[in-house]
Amino acid sequence: MQIDSSPNSANSFLSDSRHDYQCIESAIAYLCANPSKRLSTAELSEIVHLSEPQFERLLARWSGIRSECFLQLLRPEYTSSLLARLTEQFAANHDTKLSESAAQHGPLVNIQALTRNEFKSKIKSFTIRYGQHPTPFGDCLVGITKHGICSLEFIPMDGVAPLLKQLAQRWPDATLLEDRDATAQAAQIAFSRTQATNAPLNVFVQGTHFQIQVWRALLQIPSGHVCSYTSIAQQIGRPQAVRAVGSAIAANPIAWLIPCHRVLRSDGRLSGYHWGETRKQACLAWEAATMAGTV
């Protein structure tokens, strides 16, 4: 697959976005590897090979809040305290928290989910249009159908080819067509800091009954909140299936919009993330900064 690389404003933004996230990722990785060090922005700026003013501007630009405030959200102890501070509040006020968060932060998401047997009986041939787009967390590959977004994945270091192969395997009856213009709006709305004025984003997935249960449960976690794998298992009425919940979350094909990054271990640790634990930490910090910047 070839991506248009002609010099224009969109590609300039892509380059800037990629560089910003690489610096954020480097800073998070260093902080996590050295949790006992209390590094200043000046010290961290050397780690990411920027001057202190450049690094402070990058932090503020990326997070939307003051750099010194955002730096606290990047530290590893932030996620360990997040579960304890928010899960109990979320559980006690589930419906209120969900409606308030959905009204204030990020796009609303509608999910259409079919089991594989339902998919085979109801949907025959169809087209998936795909495109590569910048996000606050690196480039992503978005795939859309007439039913909604069927794939959203962050692109790994080895490039987009493995993701396209997986997409074809997940949807073997589909025709894949590169169409960046067709996927641009979905990518833009997905990573908006505020609720878009557009209609809710539709996502279209296929999986087992159990996977679909888990993915629907993930949509109940408001932006800026987290819960544990155990809580998800309890929510779907399968309290003993914590390990299976973890497997279903790992199989989630829609990054960010089906927010598997909001699930932590019961002790507050990140645990795994299909697109990397450093990116998971970045997602949580970005959401927290978004909420801090709008209150």
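**Contacts, cores and ring pairs**

Leaving aside neighbours within four places in sequence, Leu152 is in contact with Cys140, Leu141, Val142, Ala190, Phe191, Pro253, Ile254, Ala255, Leu257 and Trp275. Contact means heavy atoms within 4.5 Å. This is a predicted model: local features need pLDDT of at least 70, side-chain atom pairs count only at pLDDT 80 or more, and totals for chains, interfaces and linings use all residues. Residues are numbered from 1 along each chain as its sequence is written, and side-chain values use heavy atoms, with hydrogens and water left out.

Q: Which residues touch the most other members of the largest nonpolar core?
A: Phe70, Phe137, Ile149 and Leu152 do, in a core of 69 residues. A nonpolar core is a set of buried Ala, Val, Leu, Ile, Met, Phe, Trp, Tyr and Cys residues joined through side-chain atoms within 4.5 Å. Apart from it lies another core, of 10 residues, with Leu114, Ile123, Phe126 and Ala174 among them.

Q: What makes Trp62 count as buried or exposed?
A: The relative accessible area of Trp62 is 6%, so Trp62 is buried. Buried means under 20% relative accessible area, exposed over 50%, and partly exposed in between (1.4 Å probe, protein chains only). Phe137 has a value of 0%, so Phe137 is buried.

Q: How much of the protein chain is made up of buried residues?
A: Buried residues make up 49% of its 295 residues. In soluble globular proteins, nonpolar side chains tend to be buried together.

Q: How many aromatic pairs does a search of the whole structure find?
A: The search finds 17. Rings of Phe, Tyr and Trp (its six-membered ring) pair if their centres lie within 6.5 Å; planes under 30 degrees apart count as stacked, over 60 as edge-to-face and the rest as tilted.

Q: Why is the pair of Trp62 and Phe137 called edge-to-face?
A: Their ring centres are 5.8 Å apart and their planes stand at 85 degrees, so the pair is edge-to-face. Trp62 lies in helix α3 and Phe137 in the loop between β2 (126–133) and β3 (140–145), so the pair ties together parts 75 residues apart in sequence. Helices (H or I, at least four residues) and strands (E, at least two) are DSSP runs, numbered from the N terminus.

Q: What are the values for the aromatic pair of Phe126 and Trp171?
A: This edge-to-face pair has 5.6 Å centre to centre and 85 degrees between the planes. Phe126 lies in strand β2 and Trp171 in the loop between α8 (161–170) and β5 (174–178), so the pair ties together parts 45 residues apart in sequence. Both Phe126 and Trp171 are buried.

Q: Which residues do ring pairs link into a cluster?
A: The cluster holds Tyr21, Trp62, Phe70, Phe137, Phe154, Phe191, Trp256, Tyr273, Trp275 and Trp286.

Q: Why are α10 and α12 called roughly perpendicular?
A: Helix α10 (residues 209–218) packs on α12 at about 80 degrees, with axes 9 Å apart. Axes are lines fitted to C-alpha atoms, for helices over the stretch in contact, and angles run from 0 to 180 degrees between N-to-C directions. Angles under 35 degrees count as roughly parallel, over 145 as roughly antiparallel, 65 to 115 as roughly perpendicular and the rest as oblique. The two helices are therefore roughly perpendicular.

Q: Which residues make the contact of α10 and α12?
A: Phe210, Gln211, Val214, Trp215 and Leu218 of α10 meet Ala244, Val245, Ala248 and Ile249 of α12. They divide into eight nonpolar, one polar and no charged. Ala, Val, Leu, Ile, Met, Phe, Trp, Tyr, Cys and Pro count as nonpolar, Asp, Glu, Lys and Arg as charged, and the others, Gly among them, as polar.

Q: What makes α3 roughly perpendicular to α4?
A: The axes of α3 and helix α4 (residues 67–74) come within 9 Å and cross at roughly 75 degrees. That makes α3 roughly perpendicular to α4. Glu56, Leu59, Ala60, Trp62 and Ser63 in α3 meet Ser67, Phe70 and Leu74 in α4. This contact has five nonpolar residues, two polar and one charged.

Q: Is His49 buried or exposed?
A: His49 has a relative accessible area of 71%, so His49 is exposed. His49 also has a positive phi of about 65 degrees although it is not a glycine.
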